[in-house]
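This report describes a ligand and its surroundings, followed by a few residues in their places along the chain.

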Amino acid sequence: MSYDQNNIFAKILRGEIPCDKVFENDYVLAFRDIDPKAKMHILIIPKGAYTDIVDFGANGNSQEIHEFYKAAAQIAQENGLTENGFRSIANTGKWGGQEVPHYHLHLLGGEAIGPLVSK
Ligand code: 5GP
C-alpha cells in the first residue's frame, strides 16, 4: 500500500487538523483518540510516513523505531497506565480493521479492558 499524504493523521502532523496532544518530540506524536474506546485512549504515531506496523518495521530506520517504543513507554508511564496495566494494539490492514493508513499504536487503559477480540 502506498502512503496517502491526505490521511487524517498526516493532516494532524502537518497541523491542518487539531489534536489533543499528550506527547511530541522530533520522531513521535501522541494524542487522545477522538472517539475513545476506553477511559484512556491514546494514539501514538511516528512522524515518518509509514502506512502500518509492517511498513514501519521493514522501512523505518533504527532511530525512528527506537524513539517510537521509547516514547510509548514514557507515555504509558506518564499517563498512569503502567500501575494496573493497559492494552496496546496496532490494527493492520483490512482484516485488522485499520481505518487510518498511517501507522499508529493504540494505548487503551484507565479501566479493565475486555477480551482481546469479540466474536
Ligand atoms: P484504526 O481503526 O485505524 O486502528 O484507528 C483509528 C483511530 O483513529 C480510531 O480509534 C478513531 O477514533 C481515531 N481517529 C479518527 N479520526 C481522528 C481524528 O481526526 N482525531 C483523532 N484524535 N482521532 C481520530
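## The ligand and its shell

An oxygen atom of the ligand lies 2.8 Å from an N or O atom in the side chain of His 106. Such a pair is a polar contact, defined as two N or O atoms within 3.5 Å; within protein, one must be able to donate a hydrogen and the other to accept it, and residues adjacent in sequence count only if both atoms are side-chain atoms. Taken alone, the ligand exposes 520 Å², and the protein buries 88% of that. These areas come from the Shrake-Rupley method with a 1.4 Å probe, and for residues only the protein chains shown count as cover.

The model is predicted: local features need pLDDT of at least 70, side-chain atom pairs count only at pLDDT 80 or more, and totals for chains, interfaces and linings use all residues. Residues are numbered from 1 along each chain as its sequence is written, and side-chain values use heavy atoms, with hydrogens and water left out.

| Residue | Part of the residue | Distance to a ligand oxygen |
|---|---|---|
| Asp 33 | N or O atom in the side chain | 2.5 Å |
| Glu 99 | backbone N or O atom | 2.6 Å |
| His 106 | N or O atom in the side chain | 2.8 Å |

Which residues come nearest to the ligand? Of the 18 residues around the ligand, they are Asp 33, Asn 91, Glu 99, His 104 and His 106. A residue is near a molecule if one of its heavy atoms lies within 4 Å of it. The shell divides into 7 nonpolar, 6 polar and 5 charged residues. Here Ala, Val, Leu, Ile, Met, Phe, Trp, Tyr, Cys and Pro count as nonpolar, Asp, Glu, Lys and Arg as charged, and the others, Gly among them, as polar.

α1 (8–13), β2 (28–32) and β3 (40–46) each supply at least two residues of the shell. With 3 residues, α1 gives the most. Helices (H or I, at least four residues) and strands (E, at least two) are DSSP runs, numbered from the N terminus.

## Residues in their places

Asn 91, one of the residues that come nearest to the ligand, is in the loop between β4 (87–89) and α4 (93–96). Asn 91 is partly exposed, with a relative accessible area of 27%. Buried means under 20% relative accessible area, exposed over 50%, and partly exposed in between (1.4 Å probe, protein chains only). The C-alpha atoms of Asn 91 and Ile 53 are 8.5 Å apart, although the two residues are 38 residues apart along the chain.

Val 28 lies in strand β2 and counts as buried, at 0% relative accessibility. Its C-alpha atom is 7.3 Å from that of Glu 67, which is 39 residues away along the chain. Glu 67 is in helix α3 (residues 62–78) and is buried at 13% relative accessibility. Between the C-alpha atoms of Glu 67 and Lys 11, 56 residues apart along the chain, the separation is 21 Å.

Asn 7 is found in the segment before α1. Is Asn 7 buried or exposed? Asn 7 counts as buried, at 3% relative accessibility. The side chain of Asn 7 reaches the backbone nitrogen of Ala 10 at 3.0 Å.

His 102 is in the loop between α4 and β5 (105–109). With 0% relative accessibility, His 102 counts as buried. A polar atom of the side chain of His 102 lies 3.4 Å from the backbone oxygen of Gly 48.
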